[in-house]
Amino acid sequence: MGQAFFGFSPETLDFMLGIRLHNEQTFYAEHKAQYERVLLEPMKALCEDLGPAAQALDDTLETRPGKCASRLRRDTRFSKDKRPFRDNAWLCFKRPGEDLSESFALFFEITLDGYMYGLGSYTDNKPLMDRVRARIARDPAAADALFTALIRRGYELSGESYKKMKPPELPEAARRVYLFKGFSAYRQFAGHQAVLDAGFVQEMRDMIADLTPLYHFVLDPL
């Protein structure tokens, strides 16, 4: 089967700017076909092309494009922000049945400013981080080598840290991750040139390969 994704387009960004400036049902109804053509369908195509690599990482991951691509309409039930539509878009490969708040997932996001991709938790996740801390404590040098290798490849390790937790003596990168309440490893880019090209699929496959050791470090049974 041939490649499905041939890049987003400048019109993708035009639509995203339009929905930001006119975040209302009337604008969406008038531009629904444009949204599906320039944003939703390319995102689903990217999901389709990345599905085999995600399944090779973990065959339990949900990779169906209709389940992995974000919706334009926001869930505002529990948010103070009542704007009905998002002006970004993302895909996410996570295990079925997991809420986004409890998952450790592969992701890609496009915004008006640029794009980012990586692997991580959406919010604080104590059960997950307790498992990560146990792995770090078991072999601090190996954990530090893993985290340091990702940093050298341009990934940012990010998360909110506990202020009062006192970790054991650890190497620098391992100590930093040990203190996180939840964390992500990601690369972030200004501009959109790369995502306008069909070759971006390979960049995303390379990302999955880069982050495979981290995925297993975090999620494999202790």
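Colleague: Over how many bridges do strand β2 (residues 104–110) and β3 pair in the antiparallel sense?
Modeller: This is a predicted model, where local features need pLDDT of at least 70, side-chain atom pairs count only at pLDDT 80 or more, and totals for chains, interfaces and linings use all residues. Residues are numbered from 1 along each chain as its sequence is written, and side-chain values use heavy atoms, without hydrogens and water. Strands are DSSP runs of E with at least two residues, numbered from the N terminus, and two of them pair if DSSP finds at least two bridges between them. For β2 and β3 the number of bridges is seven.

Colleague: Which residue of β3 stands opposite L106?
Modeller: L106 is also the bridge partner of F93 in β2, and β1 and β2 pair antiparallel over five bridges. On the β3 side, the residue opposite L106 is L119.

Colleague: In β5, which residue is the bridge partner of L119?
Modeller: Strand β3 (residues 114–121) and strand β5 (residues 184–190) run antiparallel and are joined by seven bridges. β5 also pairs with strand β4 (residues 156–158), over three bridges, and there L157 stands opposite A185. The partner of L119 in β5 is A185.

Colleague: Which are the edge strands?
Modeller: The five strands form an open, antiparallel sheet in the order β1-β2-β3-β5-β4. Two of them pair on one side only, and these edge strands are β1 (89–93) and β4.

Colleague: How many of the five residues of β1 are buried?
Modeller: Buried means under 20% relative accessible area, exposed over 50%, and partly exposed in between (1.4 Å probe, protein chains only). β1 is mostly covered, and its count of buried residues is four.
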